[in-house]
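Subject: Structure for you to look at

Hello,

Here is the structure I promised to pass on. Please open it and keep it beside this email as you read.

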Amino acid sequence: MNFLSNITSVFKEHAARPAFCIQNKQYSYAELQSLISAIQVKIKENCAGEQNIGIVLHDDIETYASVIAIFLLGKTYIPIHPGYPVERAGQIFEQAGIKYLLARTNNDTYTGVVTLATGEASGIAEAELACPSFSPDKTNAYILFTSGSTGVPKGVPITYYNLDSFVNAFDALGYKTDHNDRFLQMFELTFDLSVMSYLIPLSKGACVYTIPDSGMKFTNIYSVLTTHKITFALMVPSVLANLRPYFEEIDLPDMRYSLFCGEALYKDVVSEWMRCVPEAVVENVYGPTEATIFCLTYRITDVNSISEYNGIVTIGQPMRGMEAIVVDDASAQLPDGEKGELCLYGNQLTPGYLSAEKTREAFFELNGKRYYHTGDIAFINEDGNFIYCGRVDHQVKIQGFRIELSEIEFHLRAITGSSNVVALAVNNPNGLMQISVVFEGAETDAEPVLEVLKTKVPPYMIPAAVHFVATFPLNTSGKTDRKALQKMIA
Ligand code: AMP
């Protein structure tokens, strides 16, 4: 395991250097090491036999120390967001068989699991952190849960082999980073872009700068970028939409790498952004959770000749160890230039979902290789770059969060007993995507329904607007015409 041995040697070489800066407080590698050791002692004393361990997420050093403590024991972490409904956490505990949680403080929010308080773990510093021995392709490093169309979150396990393959492919991209770099970490740990944002710096002895939980997220990002002279930032394109009104004033000469991932990157806004980061290499990177963080990349070498389609910047080409193809409805490979579904194969691909049925639906064999259906529509352009054109289904991204609109519809149907409800992603007046729901029938008070919905889904899945339409428009096949509905509420 390259990345684990890199981390263990970093702790020896860079003990005095800062590993994290959280809420303006710095933690050295030595401090982090002692906390990791103490958490490992807690785990060994309380749940040595457990493979899957939950971590209740907070913007604190204990959360990150718990992740690394788990990695260096060859165990699997499952992030649990304290702001998401308890019922949803319960579904995750059940699916992943979680009996123990690591959290800074003990609390009684979750039943049926034991919480080990990491805030009480004091420096029982071991001589040095050791690399575990286990079989990397059969052992999960983490399991993330994404929105599931049937109302139950979908578990995506990522093995140590997948993660190590990502780190090796990342290194092969040739970014020149070292212990002097300052990395932005703007993601919740339930989103796998966070893994790049903490793991890559920790494997180089660099420092990770997190974003405070409180206040306006985008203001906080801007403030961390400028105050700490961030040199490497992976962000979702929605950040640009929020910062755009201030581009004239933004000047980040220290930024050397500015990467975007998670949703479509628009050429016009990124071209303007490039003036704010004059020294930075700017890249659009792409990948689903199922293929470990990201696996295609495109570097913008010249702002005047950005490879794009309909204003969306290309997602480029696969990273080392990964392959991408475009297929038709029958999963047969299409020639370059033809639009179809983007499918992925390679070292970063999950062995499958926790649910065998979901795995059967999403994976297929072609020429002796096992491919994953991404659900993204794409084609290969004349430069050999993959062009992202949208989705085949009703999955959307809101500020980078992956949402199945049908999951929202599922819960609303269950809550109201009504079968005619549609969730849509619409652009708000500031050009940002938000969720609207439309009920068929006479207008009623939607507030009580939304209150129940809040107990079922995370806050980012709660609709920003509710509409009522007397009778839904139908398309020629007699199905609800979602596009017409979208126009009606616009
Ligand atoms: P997630 O599993 O949350 O990382 O979401 C994966 C999905 O996000 C992909 O299947 C795409 O629909 C979308 N996505 C990720 N990166 C990009 C990108 N650079 N451009 C367009 N869409 C993207």
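First, a term you will need: a crossing of two helices is right-handed if the near helix is turned clockwise from the far one by less than a right angle, and left-handed if anticlockwise. Note also that this is a predicted model.

**Two packed helices**

Two packed helices are described by the angle between their axes and the distance between the axes. Take helix α2, residues 29-47, and helix α3, residues 61-71. They pack at an angle of about 65°. Their axes lie 8 Å apart. The crossing of α2 past α3 is right-handed. Which residues make the contact? From α2 come Leu32, Leu35, Ile36, Ile39, Gln40 and Ile43. From α3 come Ile61, Glu62, Ala65, Ser66, Ile68, Ala69 and Ile70. Sorted by class, that contact of α2 with α3 has ten nonpolar residues, two polar and one charged.

**Helix α1**

Now go to helix α1, residues 2-13. It has twelve residues. From first C-alpha to last it reaches 16 Å, close to the 16 Å expected at 1.5 Å a residue. Which of its residues are buried? They are Phe3, Leu4, Ile7, Thr8, Val10 and Phe11. Look down the axis of α1: these buried residues fall within an arc of 155°, so they line one face of the helix. On the other side, Lys12 and Glu13 are exposed. What do the buried residues of α1 pack against? Their partners are α2, α3, α5 (160-172) and α6 (193-202).

**A buried aspartate**

Next, find aspartate 376 in strand β21, residues 369-380. Is it buried or exposed? Buried means under 20% relative accessible area. Aspartate 376 has 7% relative accessibility, so it counts as buried. Leaving out residues up to four places away in sequence, aspartate 376 touches Tyr286, Gly340, Glu341, Leu342, Tyr388, Gly390 and Arg391.

**Two positive phi angles**

Last, look at two loop residues. Lysine 229 sits in the loop between α7 (217-227) and β11 (232-235). Its phi is near 45°, a positive value in a residue other than glycine. Lysine 229 is partly exposed, with a relative accessible area of 45%.

Asparagine 367 is in the loop between β20 (363-366) and β21. Asparagine 367 is not a glycine either, yet its phi is positive, at about 50°. How accessible is asparagine 367? Its relative accessibility is 69%, so it counts as exposed.

Best wishes

Key. Residues numbered from 1 in each chain as written. Predicted model: local features only at pLDDT ≥ 70, side-chain atom pairs only at ≥ 80, totals over all residues. Heavy atoms only, no water. Axes fitted to C-alpha atoms, helices over the stretch in contact; angles between N-to-C directions. Helix = DSSP H or I, 4+ residues; strand = E, 2+ residues; numbered from the N terminus. Contact = heavy atoms within 4.5 Å. Nonpolar A, V, L, I, M, F, W, Y, C, P; charged D, E, K, R; others polar. Expected span 1.5 Å × (residues − 1). Buried < 20%, exposed > 50% of the residue type's maximum accessible area, 1.4 Å probe, protein only. Arc of directions from axis to C-beta.
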